[in-house]
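Please have the sequence and the 3D view open side by side. The paragraphs below lead through the chain one part at a time.

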Amino acid sequence: FLGTVVRRAASCRPLPPSLCPATSRCYSSPGKQTTEKNVPYKKTLKQGGGAVSGPTKPLPKSADAVVIGGGSLGCQTVYHLAKMGMTNVVLLERDHLTAGTTWHTAGLLWQLRPSDVEVELLAHTRQVVSCDLEQETGLHTGWIQNGGLFIASNKQRLDEYKRLMTLGKVYGIESHVLSPAETKDLYPLMNVDDLYGTLYVPKDGTMDPAGTCTTLCRAATARGATVIENCPVTGIQVQTNDLGVKKVKAVETEYGTILTPCVVNCAGVWAQKLGRMAGVNVPLIAMHHAYVVTERIEGIQNMPNVRDHDASVYLRLQGDALSVGGYEQNPIFWEEVSDKFAFSLFDLNWDVFMQNIEGAINRIPALERTGIKSTVCGPESFTADHKPLMGEAPEVRGFFLGCGFNSAGMMLGGGCGKELAHWIIHGRPEKDMYGYDIRRFHHSLTDNNRWIRERSHESYAKNYSVVFPFDEPLAGRNMRKDPFYQVLKLDQVCLGIWLALWVRKLCLVELVAQGCVFQERHGWERPGWFNQEGPAPVLDYDYYGAYDASKNHNYKYNELLTREYTFDFPPHHDLIRDECLTCRNAVAVFDMSYFGKFYLVGPDAKKAADWLFSADVNKPMGSTIYTCMLNKRGGTESDLTVSRIEPGPSGSPLAPAFQGDAYYLAIGGGVAEHNWCHIHTVLQDMKFQCQLLDCSEDMGMISIQGPQSRSVLQEVLDSDLSNTAFPFSTHKVVKAAGHYVRAMRLSFVGEMGWELHIPREACVPVYRAVMEAGAKHGICNAGYRAIDSLSIEKGYRHWHADLRPDDTPLEAGLAFTCKLKSSIPFLGREALEAKKAQGLRRRIISLTINEKVPMFGLEAIFRNGEPVGHLRRADYGFAIDKTIGYGYIRDPDGGVVNPDFVRNGHFTMERMGVVYKATAHLKSPFDPESKRVKGIY
């Protein structure tokens, strides 16, 4: 019985797994637990009597694409490729379909997630497995719609579920928040004594791995695709062209070679090895992941599947029994990934798994008297942020990833398979897949084993944690630090040194009292906000005390993060207000050094700039232009500033040596790798003779913003900063504290201000000079939490929030960044012109409410009582003293969304089930004429 297992385990000394190889661990069980290892499915594709020798079909000599791996993602990808018209496609599986991971997966599908894109991906998977495949093939995939039940044991968890319910209304997903009593009526076997409530989604369900994958392949082969089993891949041929671009050439097997320009890595746990064959980094790690299958439970039939997030356990209905699994704090790493592990299972480590049993028995007391029929412990692949790895690898053109699904390959498979197929055929996915794109990680991290291991462990351990708006990872930190890091950090060790060396009463001493609370983006440590309780350094990762690691005690940084675990205004709300209002009323300094800083140079630099950038950046020398980069569908791949430059001081990173035209690109640091890869891809496709140079590590960047910024900088820079001499949207190389810097008159917060782009060695002296000059003006340091508030208040866009690859500049209110009135061709122009001619079917608007309640994004937008969209981003605007949000709205009838549609509507927003009257704005409610950035106060 499960209860007996718990009692026996409690009487035994725990044997925590170490970080050493798995072969050294003890897998003994406390008592006489079942030794049966088997999945709970009536049918698997495991072959008895030994494997068949040789491939199941002859290999073709060539293919348009070769998908490697016959699990959920591989089968979904080949199905969608064939459905989109790519019929000369081959799927290679080294054993039999579902081998490795898919065959033993729990197969759960939950429709609601705290991400609009994921909700859409899950909806497509559900459509494919519950409807499309059966219509196409006449075969039942094994889909069972028994509903899903999320358990809330505290207010914060129930608030999270209310947010999910609200988002579901936008997508037409039925869900209900139930009281404990209503939950008991629905699920009589459940203990509800400790519940705040539950979220019930009637149309959630389960999938059968074998039934789904075989039906997918049947549908794909009916359209001309070829599925070949028992054919391991032994190599990937890569060729380098005359421009030095690496491209996929062929796939090698023991039974022949297939020429192909496209390989899709859907190899799951084995994806790293396959990547190495092509020289591609695949940042995932293999772990044991387990569940147990119970004996029959009277009264469990037809019950919904359960996720008890606070107990980190799930209960999957298995006929008249349950599968019980979850996520532990101390998962076992699979150190030596075996090629022979096809339909095998590990012995279950009861010491590790016991925490899941305890949570399950608390929720379903009948389990204490229920026997265990079998255990299922198999390998799964996990990633640094618990999101899949998808898209074209930066290292090799034509090598695509579809792996690292963190035990969610079945439920995300349909949506991701469709997007991956579109990516392969059309060059980009239809949806905003940046959160899954391999290019979300900086290249310096994707082969860093420490970072991959730490972050993957934390993501696994926190998989069921509440997704709070301001959470930050504790693992894999301090990977990239800008020149100001120690100045802003000023930890206890260096405090005495600073005070001894710097007796002048400057604002750096004040920084010690404030304490910078850093955020992690793209590996960088960037300032989030400044607390008043002293230094809060980020410490080495402690694995939450697992694996006998020494747990960090009195960890100030973690304490500050934990206080912000709320869906109300965070406790540091007033500190961020002070930073914002100091910027609005006086002057603030923002360290933005994590920005990507690239140079575009070469004989074809002007041609490339004309094609890449939606705005006309070929203005007079000294101009700085805000622009977008688009894809061929007109979607926004980036927003950035581009400056035409002249050669700078000799040997300075302020400008490289070049002839002809050159451009300096400043790009948000969290998406720098994405931008770098996008530009490189366009340059390669268009065969432009250009170089893209990365100086991100060579320069720091501070932004001095506010009404007093000119007064401060006039004491520091050797240049006239008047409106006439230094107008908005221009730049100059000037001297600051004796050092050359590039000064740009720009703002991302809606105030008069300048950015200083500074060679690394000059960063600290320039910063000190600015702080000294600003002391009498009330200067303060401010972080990105303040930037988020200030920018949304002014109506400036954040890429990957209110501006994404599936949003056009026209829909985003950025038509002014597009040179449509000129005759200059640019990437995406034809798509924009077509959309403009048809009329916009959606557009972004801002909304404010009068009530003092926080919003964070994903809140539903209603017009005249009908759902028309949801907020992409929201924050509090301290100057207007209101919550403000931005979201895209549609006409439910499919009509054009023009300004009159906005003006004539009555808008409300729903937050966690509560509806608020909202005011819609077509212009920013703060300084709508943009006078402040021009110095007009």
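**A walk through the predicted model**

Trp754 has a relative accessibility of 0% and therefore counts as buried (buried means under 20% relative accessible area, exposed over 50%, partly exposed in between, with a 1.4 Å probe and protein chains only). The same label applies to Phe726, which is buried at 0% relative accessibility. The rings of Phe726 and Trp754 form an edge-to-face aromatic pair, with 6.0 Å from centre to centre and 85 degrees between the planes. Rings of Phe, Tyr and Trp (its six-membered ring) pair if their centres lie within 6.5 Å; planes under 30 degrees apart count as stacked, over 60 as edge-to-face and the rest as tilted. This pair links distant parts of the chain: Phe726 is in the loop between α18 (709–714) and β29 (731–736), and Trp754 is in strand β31 (residues 753–759), 28 residues apart. Helices (H or I, at least four residues) and strands (E, at least two) are DSSP runs, numbered from the N terminus.

Some notes on the model come next. Residues are numbered from 1 along each chain as its sequence is written, and side-chain values use heavy atoms, with hydrogens and water left out. This is a predicted model, in which local features need pLDDT of at least 70 and side-chain atom pairs count only at pLDDT 80 or more, while totals for chains, interfaces and linings use all residues. The average pLDDT of the chain is 92, and 92% of the residues score at least 70; pLDDT is the predictor's confidence in each residue, from 0 to 100. Over residues 13–32 pLDDT stays under 50, and the model has 40 contacts for them beyond four places in sequence (contact means heavy atoms within 4.5 Å). Residues 491–513 also stay under 50 in pLDDT, with 35 contacts beyond four places in sequence. Where pLDDT is low, the predicted coordinates should not be read in detail.

Aromatic pairs number 32 in this structure. Tyr594 and Tyr784 form one that is edge-to-face, at 5.4 Å centre to centre and 85 degrees between the planes. Tyr594 lies in the loop between β22 (588–591) and β23 (596–601) and Tyr784 in helix α20 (residues 784–794), so their pair ties together parts that are 190 residues apart in sequence. Tyr594 is buried, with a relative accessible area of 8%, and Tyr784 is buried at 4%. Arg526 lies over the face of Tyr784, 3.8 Å from the ring centre. A charge sits over a ring if NZ of Lys or CZ of Arg is within 6 Å of the ring centre and within 35 degrees of the ring normal. Elsewhere, ring pairs link Phe333, Tyr541, Tyr543, Tyr544 and Tyr547 into a cluster.

How enclosed is helix α20? Eleven of its eleven residues are buried, so α20 is largely enclosed by the rest of the structure. Just after α20, Gly795 takes a positive phi of about 90 degrees.

The next part is a sheet. Its five strands form an open sheet in the order β24-β25-β26-β23-β27, with antiparallel pairing. Two strands pair if DSSP finds at least two bridges between them. β24 (624–630) and β27 (691–694) stand at the edges with a single partner strand each, so one side of each is left without a neighbour in the sheet. From one strand to the next, the twist averages 30 degrees. Strand β25 (residues 636–644) pairs with strand β26 (residues 662–667) in the antiparallel sense over five bridges, and Leu640 stands opposite Ile667 in β26. Helix α16 (residues 605–612) lies across β23, β24 and β26, running at about 125 degrees to β23. Axes are lines fitted to C-alpha atoms, for helices over the stretch in contact, and angles run from 0 to 180 degrees between N-to-C directions.

β34 pairs in the antiparallel sense with strand β35 (residues 866–877) over four bridges, and with strand β37 (residues 907–911) over four bridges. Ile861 stands opposite Gly869 in β35 and opposite Met909 in β37. The charged end of Arg863 sits over the ring of Phe901, 3.8 Å from its centre.
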